[in-house]
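Subject: Structure handover

Dear colleague,

Here is the structure I promised to pass on to you.

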Amino acid sequence: MKTVVFIPARYASSRYPGKPLVELTGATGEKKTLIQRSWEAAQGVAGVDAVYVLTDDARIRDAAEGFGAEVLMTSSAARNGTERCAEGLAQLGTPPDVVVNLQGDAPLTPVWFLDALIAAMADERVQMATPVLRTEADTLANFVTDRKEGRVGGTTAVMRADGTALYFSKEVLPYVASLEAPPEVWHHVGVYAYRPAALDAYAGWPEGPLEAAEGLEQLRFLENGWPVTCVEVEARGRVFWELNNPIDVARIEAVLAKEGLS
């Protein structure tokens, strides 16, 4: 399969303006921007034909080109990363078989998450897929703490028996009455793979009420009756966390130090 990775990044985040250019300190003390760390994560994925940063902001474009990334400029009308990916796809001469959307705020995404996602797309029946991870104790505690303190943090997934998604939420689902004996909670990893037809369809749908309420772009597929295949991935001891709020900078830098990631 011809596969390209798009990394959508926008400066005007409502929760964290300028987030792609926030610097994160690695294990060696080197500072790199969030967008650079996300781009470097994509470079380690085997079998990818090209990696592009997608943005509507000249500051992000200049920073990305400064560390060697190819950049596609998209419109400011794109409301989320999937819409931005649809715009990026339209700029490619020959469409790939698969487009991977690696969120620009997920520098801790392990290579094997992306490998598993791309492997799932070998099944031609799968139109759109996304990884899910069994939530470990520390991550679940962060989820619960964020919600109790009024922060919108990570996303959870609820699935059918066949592995397709029932729902995604910024709430912790199912309800966690106690961290001592919690139910099984699945952490949604903010990476997506699409067929070009799925991206084309998405771009033609209006934003739905559930998508608007949760701020989760993947809900538009569910609201329009398209199945979302959830691909189970394993942490292998790696803590996965996205940069959603300023408090997450310290969380991510702690993981970079622990894992020896420069």
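**The second largest pocket**

Helix H1 (residues 34–43) gives the largest share of the lining of the second largest pocket, namely three residues; helices (H or I, at least four residues) and strands (E, at least two) are DSSP runs, numbered from the N terminus. Please keep in mind that this is a predicted model, in which local features need pLDDT of at least 70 and side-chain atom pairs count only at pLDDT 80 or more, while totals for chains, interfaces and linings use all residues. Residues are numbered from 1 along each chain as its sequence is written, and side-chain values use heavy atoms, with hydrogens and water left out.

The lining has 14 residues, and Arg37, Glu40, Ala41, Pro107 and Leu261 are those that lie nearest the centre of the pocket. A pocket here is an open set of points on a 1 Å grid over the protein atoms alone, where a 1.4 Å probe fits, with protein on both sides within 12 Å along at least five of seven lines, and lining residues have an atom within 4 Å of a point.

**Salt bridges**

Across the whole structure, a search finds 15 salt bridges, each being a side-chain nitrogen of Lys or Arg within 4 Å of a carboxyl oxygen of Asp or Glu. One of them joins Lys19 to Asp105, with the closest N and O atoms 3.1 Å apart. Lys19 lies in the loop between strand S1 (3–8) and strand S2 (23–25), and Asp105 in the loop between strand S6 (98–102) and helix H4 (111–120), so the pair ties together parts that are 86 residues apart in sequence. Both Lys19 and Asp105 are buried, meaning under 20% relative accessible area (1.4 Å probe, protein chains only).

Arg251 and Asp146 also form a salt bridge, at 3.2 Å from N to O. This pair links distant parts of the chain, 105 residues apart, with Arg251 in helix H9 (residues 247–259) and Asp146 in helix H5 (residues 137–148). Arg251 is buried with a relative accessible area of 17%, and Asp146 is buried at 1%. Both belong to a network of salt bridges that also links Glu149, Arg151 and Asp248.

**Nonpolar cores**

The largest nonpolar core has 34 residues, with Ile7, Val53 and Val100 making the most contacts inside it; such a core is a set of buried Ala, Val, Leu, Ile, Met, Phe, Trp, Tyr and Cys residues joined through side-chain atoms within 4.5 Å. Helix H4 gives the most to this core, with five residues.

Best regards

How values were computed
Buried means under 20% relative accessible area, exposed over 50%, partly exposed in between (1.4 Å probe, protein chains only).
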